[in-house]
Structure formats: C-alpha cells, structure tokens
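This briefing covers how two chains meet and what lies inside them. Please look over the sequence and the structure before reading the points below.

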Amino acid sequence: MGHGLLLSAAENIDFMVHGIFKYKFFGHEVWITTTHVSILFVMLILIGFAIAANITMRKATEVPGGFQNVVELIVEKLDGMVEGTMGKAAPRYRNYIGTVFIFILFSNISGLLGLRPPTADYGVTLPLGLLTFILIHFAQFKYHSLKEIWVGMCSPLPPWLPIWFVVSLIGEIAVPISLSLRLFANILSGTVMMALIYGLLGWIATAWPAALHVYFDLFSGAIQTYVFCMLTMTYISDQVGDN
Amino acid sequence: MEFNTNFILGCSAIGAGLAVIAGIGPGIGQGNAAGQAAAAVGRNPGAKGDIMSTMLLGQAVAETTGLYGLLIAMLLLFVKPLLP
C-alpha cells in the first residue's frame with residue numbers, strides 16, 4: 001500500500017538535467033540540455049539589462065533618476081565589495097568579479113522563473129572554479145619569482161627537503177574543486193528539495209512553498225554568490241600581496 | 001556471482017542515510033559561529049555589518065563538508081553507481 005504511494009509520487013519528481021536534442025560534432029555526440037536553455041534565458045535577461053543600462057548611461061544626467069539610479073547603485077556596491085577585500089589590486093579585477101557576481105546571482109535565482117538553475121549543473125560551476133584557479137596562478141607567477149614559489153610551497157620545511165611540496169600541491173588543486181562543488185551542491189540541494197516538495201505533496205503544495213523559494217533560491221543563492229566571489233578575491237589578493 | 005538489484009538498492013539507501021550524518025559537523029560549527037557572532041554583536045553593536053558578513057562567509061565555508069556528504073547521498077540514490 002505504502003509502496004504504491006511512493007512509486008506513484010516518485011514519477012512526478014523531476015530535477016535531473018534532460019537532453020533536448022543531440023548532434024554530431026567531429027564524431028562526438030553532443031547534447032543540448034535544459035542547462036543550455038536556462039543559461040540562454042539568463043544571458044538574454046543580462047544582455048537586455050546591459051543594453052538598457054548602456055542606453056541610459058549614454059544620456060546620463062548629473063542628478064540621477066529612475067533607472068540610472070539603479071545602475072549606479074549596482075556598480076557602486078560591486079566596486080565597494082571588491083575594493084574592501086582586494087585593496088590596491090581592486091581596479092584590475094573588479095570587471096571580472098562584477099561580471100561573475102551578476103552571472104552567478106541571476107543563475108541562482110533563475111529558479112524563481114521556473115527554470116532549472118544553470119549552477120545546479122557541475123558543467124557550469126567547474127569552469128567558474130577553473131577560471132579562479134587560472135587567475136590565482138597567473139597572479140602568483142606574475143608577482144613572485146620561481147624561487148619564492150618553491151620556498152612557499154615547501155613552507156614549514158626547508159626548501160631542500162621538498163616533502164611538503166606534494167601536500168601543498170594537493171591543497172592547490174583542491175581549491176577549484178571545493179569552490180565549484182560548494183556552489184554546485186548548495187544550488188542542487190535547493191533544487192532537489194523543491195522538486196521533492198512539489199512532487200511528493202502534489203496538490204497540497206499550492207501556496208506555501210513560496211516561503212521555501214525565498215530561502216532556497218533567494219537567500220541561499222545570494223549567500224553562495226557572495227561566498228564564491230569573496231573566496232576568489234581572497235585567494236587572488238593573497239597572491240598579489242603588496243604589489 | 002548473482003546480483004540482486006533490490007539488495008543493492010537497499011544497501012545504497014542505507015549508505016545514503018549514513019552519508020548525510022555528515023551534516024552533524026557543519027551544524028555544530030555553524031551554531032558555534034552564530035553564537036560567537038551574537039556575542040560579538042553584544043560587545044560591539046557598531047560592527048554589526050562586518051560581523052554578519054564574516055560570519056556568513058565562515059558558515060558557508062564550514063558547510064562544505066556537509067554538502068560533500070549530501071552529494072555522496074544523492075549519487076547513491078539517483079545515479080546508482082553500484083548497480084551492475
């Protein structure tokens with residue numbers, strides 16, 4: 001009896017990535033999935049916003065009003081966040097951090113529009129983590145000599161005894177993996193829980209899951225966006241140092 | 001050797017349940033961080049904004065270990081890697 005209930009309810013639960021169509025790309029099978037569609041919607045929203053902001057800022061007035069106010073507020077807040085963490089290195093990195101912040105934020109809260117959040121797909125968060133990894137090590141090789149890096153990697157032990165080097169290397173490789181998995185698992189857990197609530201409760205879940213959407217999509221999404229950008233900035237400014 | 005699908009699925013469910021026990025650690029850690037932050041706000045109410053952002057950042061980092069357990073549980077339940 002309980003078995004039948006579980007089975008019938010389990011068919012309604014749907015939070016996986018689905019393929020929409022596939023095509024051959026140099027002999028490989030490539031799928032266009034629901035993640036691509038969600039990312040397309042997010043990009044359309046962001047591009048529309050960017051075009052509107054560009055048109056507004058072309059004829060910007062001394063005393064801002066309406067939409068110009070909103071754009072200036074967003075830019076000022078993002079700049080303030082980057083400057084508060086990175087100090088003197090901020091002007092070089094605020095474009096990248098601002099872009100990533102807005103993209104991840106809109107991806108996370110796109111669950112409110114009925115889309116499957118793109119960041120609930122590991123194929124989206126891993127490249128973000130790898131970008132951070134590349135930025136960290138670009139800054140490292142730009143501002144430190146090879147000898148300094150070697151001494152730093154063998155740090156608690158003297159540099160002629162590179163036993164600790166392996167541990168440091170694993171620690172460095174763990175950075176992008178933990179960054180991307182943190183974002184992915186947070187958003188995925190929100191998506192799965194919302195799908196379970198909608199799927200298992202059926203018509204009982206009519207109005208009150210809105211409160212859960214506020215937590216899982218808005219609150220959790222905003223916090224994880226902030227954490228991702230904050231950690232990226234901290235790692236990079238560790239390498240940039242006082243230069 | 002004969003594989004019994006139901007047996008494997010049941011063991012996967014038990015494993016998933018055991019994996020999410022990992023949530024205990026982040027629970028304790030986040031509660032500790034929130035308590036310390038509350039004490040800090042009590043001592044210095046002017047620094048509430050800084051304390052809040054530092055607390056949220058630390059809590060989100062502490063949450064990672066629990067999320068790894070959750071990921072393992074989801075892999076066991078929905079991807080079913082143990083089925084032949």
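A nonpolar core is a set of buried Ala, Val, Leu, Ile, Met, Phe, Trp, Tyr and Cys residues joined through side-chain atoms within 4.5 Å. The model discussed here is predicted. Its largest nonpolar core has 46 residues, and chain A and chain B bury about 1300 Å² between them.

**Nonpolar core**

- Within the largest core, M86(A), Y93(A) and I236(A) are the residues with the most contacts.
- Helix α7(A) provides the largest share, ten residues.
- Not counting residues up to four places away in sequence, Y93(A) touches M86(A) and I236(A), together with L135(A), A139(A) and V240(A).

**Interface between the chains**

- On the chain A side 17 residues are in contact with 13 residues of chain B.
- Of the area buried between the two chains, 82% is on carbon and sulfur atoms.
- Three residues, L57(B), L71(B) and F78(B), account for 33% of the area that chain B buries against chain A, more than any other three residues.

**Helix pair across the interface**

- Helix α8 of chain A (residues 209–240) packs against helix α3 of chain B (residues 48–79) at an angle of about 90 degrees, and their axes are 10 Å apart.
- Because angles of 65 to 115 degrees count as roughly perpendicular, α8(A) and α3(B) are described as roughly perpendicular to each other.
- From α8(A), the residues I223(A), Q224(A), Y226(A), V227(A), M230(A) and L231(A) meet S53(B), L56(B), L57(B), A60(B), V61(B) and E63(B) of α3(B).
- Sorted by class, this contact between α8(A) and α3(B) has nine nonpolar residues, two polar and one charged.

**Q224(A)**

- Q224(A) sits in helix α8 of chain A.
- The relative accessibility of Q224(A) is 3%, so this residue counts as buried, the cut-off being under 20%.
- Apart from neighbours within four places in sequence, Q224(A) contacts N108(A), R182(A), L183(A) and N186(A) in chain A, and A60(B) and E63(B) in chain B.

**T56(A)**

- T56(A) belongs to helix α2 of chain A.
- Apart from neighbours within four places in sequence, T56(A) is in contact with F67(A) and Q68(A).
- F26(A) is 30 residues from T56(A) in sequence, and the two are 44 Å apart in space, C-alpha to C-alpha.

Technical notes: Residues are numbered from 1 along each chain as its sequence is written. Chains are lettered from A and ligands numbered from 1 in the order in which they are written. This is a predicted model: local features need pLDDT of at least 70, side-chain atom pairs count only at pLDDT 80 or more; totals for chains, interfaces and linings use all residues. Side-chain values use heavy atoms; hydrogens and water are left out. Axes are lines fitted to C-alpha atoms, for helices over the stretch in contact, and angles run from 0 to 180 degrees between N-to-C directions. Helices (H or I, at least four residues) and strands (E, at least two) are DSSP runs, numbered from the N terminus. Angles under 35 degrees count as roughly parallel, over 145 as roughly antiparallel, 65 to 115 as roughly perpendicular and the rest as oblique. Contact means heavy atoms within 4.5 Å. Ala, Val, Leu, Ile, Met, Phe, Trp, Tyr, Cys and Pro count as nonpolar, Asp, Glu, Lys and Arg as charged, and the others, Gly among them, as polar. Buried means under 20% relative accessible area, exposed over 50%, partly exposed in between (1.4 Å probe, protein chains only). Buried area is the accessible area (1.4 Å probe) that two parts lose on being put together, summed over both.
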